[in-house]
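Please look over the whole chain before turning to its details.

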Amino acid sequence: MTIKKRVLVTGAGGFIGHHLVKRMKAEGCWVRGVDIKEPEYEASEGDEFEVLDLRKPDTCLLATRGGLDEVYNLAADMGGIGYITASHADIARNNILINAHMIEASKANQVGKFLFSSSACVYAQSKQKNANVTALTEEDAYPADPEPGYGWEKLFTEELCRYYWQDFRFPTRIVRFHNVYGPLGTYDGGKEKAPAAMSRKVALAEDGGTIEVWGDGEQTRSFMYIDDCCEGLVRLMASDYTEPLNLGTDELVTINQLVDIVADIAGKTIYKTHNLKGPQGVRGRNSDNTRLNRVLGWEPSIKLAQGLKPTYGWIAEQLGRVTPAVAAAAD
């Protein structure tokens with residue numbers, strides 16, 4: 001009889017974690033999902049789902065019990081730019097507690113491998129002041145100047161993972177996400193990311209209507225579809241690479257262009273007003289995938305316009321704003 005790989009996904013009530021549970025189950029793994037909340041939009045496919053507060057050390061020991069082969073530590077207090085720029089203390093405190101307790105519990109329970117989900121927010125702000133930004137290599141996190149709160153705690157935990165590997169030979173993996181999007185993700189309430197926020201605004205707007213964009217809309221980002229994200233996570237965990245690794249696309253777009261792509265999918269003419277006082281983060285950010293290609297022999301390939309079709313279709317459906325044209329495009 002084939003022994004199933006035993007996997008824990010923390011943050012399994014959230015967007016990436018929920019999709020990763022589905023991906024690991026499709027690969028035939030036994031999967032435990034853990035989060036402080038249940039998945040919001042559909043039930044988890046995990047063999048077990050436990051509602052636990054991972055800020056507590058005893059709870060992390062409970063979550064990592066049972067001879068696990070892999071832990072994907074995706075649990076985090078996080079959200080869109082409006083949230084992470086307004087909640088530095090809460091985010092830094094909660095995530096440092098989660099990450100420190102989870103890696104120690106994983107080592108104590110002799111987990112096979114531990115993956116930490118870091119972020120492109122660790123990159124030096126001084127290197128992201130131009131909308132036509134030079135794509136960021138892994139070395140661009142130093143000299144350290146990450147985003148306040150969220151970026152600093154991510155960078156510190158990267159170092160913690162290195163220390164656990166150096167001092168204890170505990171196998172760690174470190175991934176730096178660049179803006180992940182797709183269906184079944186938060187699209188309102190203040191914690192949503194730009195693709196979901198713009199999809200919601202366009203879905204609610206009438207044809208010929210106007211939506212608000214934070215900043216002048218010329219700030220740039222790259223966006224990675226959730227299927228590519230899960231593929232990259234599985235490949236990185238299977239590798240023997242222990243240093244931080246970018247996981248994102250290098251398809252750079254402005255926020256204004258993002259709105260235009262969503263409007264085209266919706267079949268609407270949409271006008272923009274720009275709130276220059278709204279939070280917008282760094283001026284430009286893009287992923288250099290040179291090392292990703294070298295280490296994994298792969299990089300994300302789903303283009304933004306392709307991934308936004310099912311994303312917009314799902315959000316429009318949640319809002320009761322699906323048109324026949326959008327329904328046909330989503331199919």
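Two residues are in contact when they have heavy atoms within 4.5 Å. Among such contacts in the protein between residues at least 6 apart in sequence, 78% join residues at least 24 apart. The model is a predicted one, in which local features need pLDDT of at least 70 and side-chain atom pairs count only at pLDDT 80 or more, while totals for chains, interfaces and linings use all residues. Residues are numbered from 1 along each chain as its sequence is written, and side-chain values use heavy atoms, with hydrogens and water left out.

The protein has 11 helices and 13 strands, these being DSSP runs numbered from the N terminus (helices H or I, at least four residues; strands E, at least two). With a radius of gyration of 19 Å, close to the 20 Å that the globule rule gives for 331 residues, the protein is as compact as a globular protein of that length; the radius is taken over C-alpha atoms, and the rule is 2.2 Å times the number of residues to the power 0.38. Buried residues make up 55% of the 331 residues, where buried means under 20% relative accessible area, exposed over 50% and partly exposed in between, with a 1.4 Å probe and protein chains only.

Which residues cover the two faces of strand S6? Thr172, Ile174 and Arg176 lie on one side and Arg173, Val175 and Phe177 on the other, and all are buried. Because 6 of the 6 residues of S6 (residues 172–177) are buried, the strand is largely enclosed by the rest of the structure. S6 runs parallel to S5, to which 6 bridges join it, pairing being assigned if DSSP finds at least two bridges between two strands. The chain passes from S5 through H5 to S6 in a right-handed β-α-β crossover, meaning that, with the strands pointing away from the viewer, the path from the first strand over the helix to the second runs clockwise. S6 also pairs in the parallel sense with S11 (residues 244–247) over 4 bridges, and there Val175 has Leu245 as its bridge partner.

Most residues other than glycine have a negative phi, and most peptide bonds are trans. In the loop between S5 (113–119) and H5 (150–168) lies Pro143, and the peptide bond from Tyr142 to Pro143 is cis, with omega near -5°. Gln110, in the loop between H4 (88–108) and S5, has a positive phi near 60° and counts as exposed at 69% relative accessibility. Leu184 has a positive phi near 70°, but this residue is buried, with a relative accessible area of 14%.
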